[in-house]
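Take a look at the fold below. Start with its open spaces, then turn to its sheet.

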Amino acid sequence: MTTLRDLKIAFIGVGHWHVPLYLLQAQRDGITVAAASDPSPEAVGAFATRHGCPSYDDYRRLLDAEKPDFVFAFAPHCDMPGLAMDLIERGIPFTIEKPLGLETGDVTRVKAAADKAGAFCAIPFIWRYSDFIAGFKQLVPADDILHMAFKFVAGPPSRYVGPSPWMLQPSKCGGGCMTNLGVHFIDLALHLTNSDTANVLGAAFHNASEYDGIETYASTLVSLQNGATMALETGYAYPMDAEKRDNRWNIVTQDGYYTLADNTWEQRRYGRETERVAMDTDSDSYYAEFARITLEDYLAKRTPRAGLAEMENVRRVLDAINNAAKGDDA
């Protein structure tokens, strides 16, 4: 029986800031990194030295030489569709970061190729992989949700200047904080309400001219298929110290009010005492869980909890939010 430790796992795009979050689980499970690639010699060299694995500046050379069993794939948003297509054509199961391109058509083309090939592809919509959200869905039926308000504000855009300057170039990233951060909560709203689409009622972006006009603060209001609404704020605006971001939720239901903030989950239900539970509200913590569950799903031949269908649904809503913020009707 094949186990996690038997898999020959490669990391593509190791300069990406999410890579260390995935590796936490690999280290816990004793998983060996078989190979790594990145266009940056400094990034891939440091990674290969740390993990004692072969390094490549071109991921295609890695795939040809190492023939990995599974790949964790990272790339600038504009390069993601091509990378995904190469992995699908080679029959290699993989995960790839969101948003998988610059618009819905990119995701649709990758999904069509993956469906035809029967490919395994998981997307790190990490809240789907948490016991916390699984428990909430058991507690609160989708039709009981009236409104969701999510605020996720991360550090300033300047933090990308050195390690990932493409994140500040619209032609390569496709958008700023709503594209990078908002997709997690678009997916969460769809997931909690058992929806596959949403109607965008309005959106407004604040753009930073010094970073080619990417949005650095963004807000939107959408309605879901069950009649619930979602207000979403995202931003590159949080002055960072020991705390890296502001993550706050309010969920209004038929029978109460639920709040997540400051490492606390609070449940207020009519006729019951308020319950407060200490928990880790730092989203970074859930990437390791995503990595472990994804590999287990692959080995068990299970469909990923979040895959290309979910990415396509989220991307459609994201495109509609972007258009609404621009004042477009499309």
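**Pockets and sheet**

The largest pocket has a volume of about 490 Å³. A pocket here is an open set of points on a 1 Å grid over the protein atoms alone, where a 1.4 Å probe fits, with protein on both sides within 12 Å along at least five of seven lines. Grid points are joined across faces, edges and corners, and the volume is the space filled by probe spheres set on the points. Rolling a probe the size of a water molecule over the atoms shows where empty space is left.

This is a predicted model: local features need pLDDT of at least 70, side-chain atom pairs count only at pLDDT 80 or more, and totals for chains, interfaces and linings use all residues. Residues are numbered from 1 along each chain as its sequence is written, and side-chain values use heavy atoms, without hydrogens and water.

By class, the lining holds 12 nonpolar, 8 polar and 5 charged residues. Ala, Val, Leu, Ile, Met, Phe, Trp, Tyr, Cys and Pro count as nonpolar, Asp, Glu, Lys and Arg as charged, and the others, Gly among them, as polar.

The second largest pocket has a volume of about 370 Å³. W17, H18, R159, R245 and D284 are the closest to its centre, among 21 lining residues. Both β7 and α8 (177-192) give two or more residues to this lining. The largest share, 3 residues, comes from α8.

Strand β7 also belongs to an open sheet of 8 strands. The order is β8-β9-β10-β7-β11-β12-β13-β14, with mixed pairing (strands pair if DSSP finds at least two bridges between them).

Helix α6 (residues 131-139) touches β7 (145-154), β11 (245-253), β12 (256-261) and β13 (264-269) (contact: heavy atoms within 4.5 Å). Helix α10 (residues 308-326) touches β8 and β9.

Definitions and conventions:
Helices (H or I, at least four residues) and strands (E, at least two) are DSSP runs, numbered from the N terminus. Axes are lines fitted to C-alpha atoms, for helices over the stretch in contact, and angles run from 0 to 180 degrees between N-to-C directions. On a 1 Å grid over the protein atoms alone, a cavity is a set of points where a 1.4 Å probe fits but cannot get out, and a pocket is an open set with protein on both sides within 12 Å along at least five of seven lines; lining residues have an atom within 4 Å of a point.
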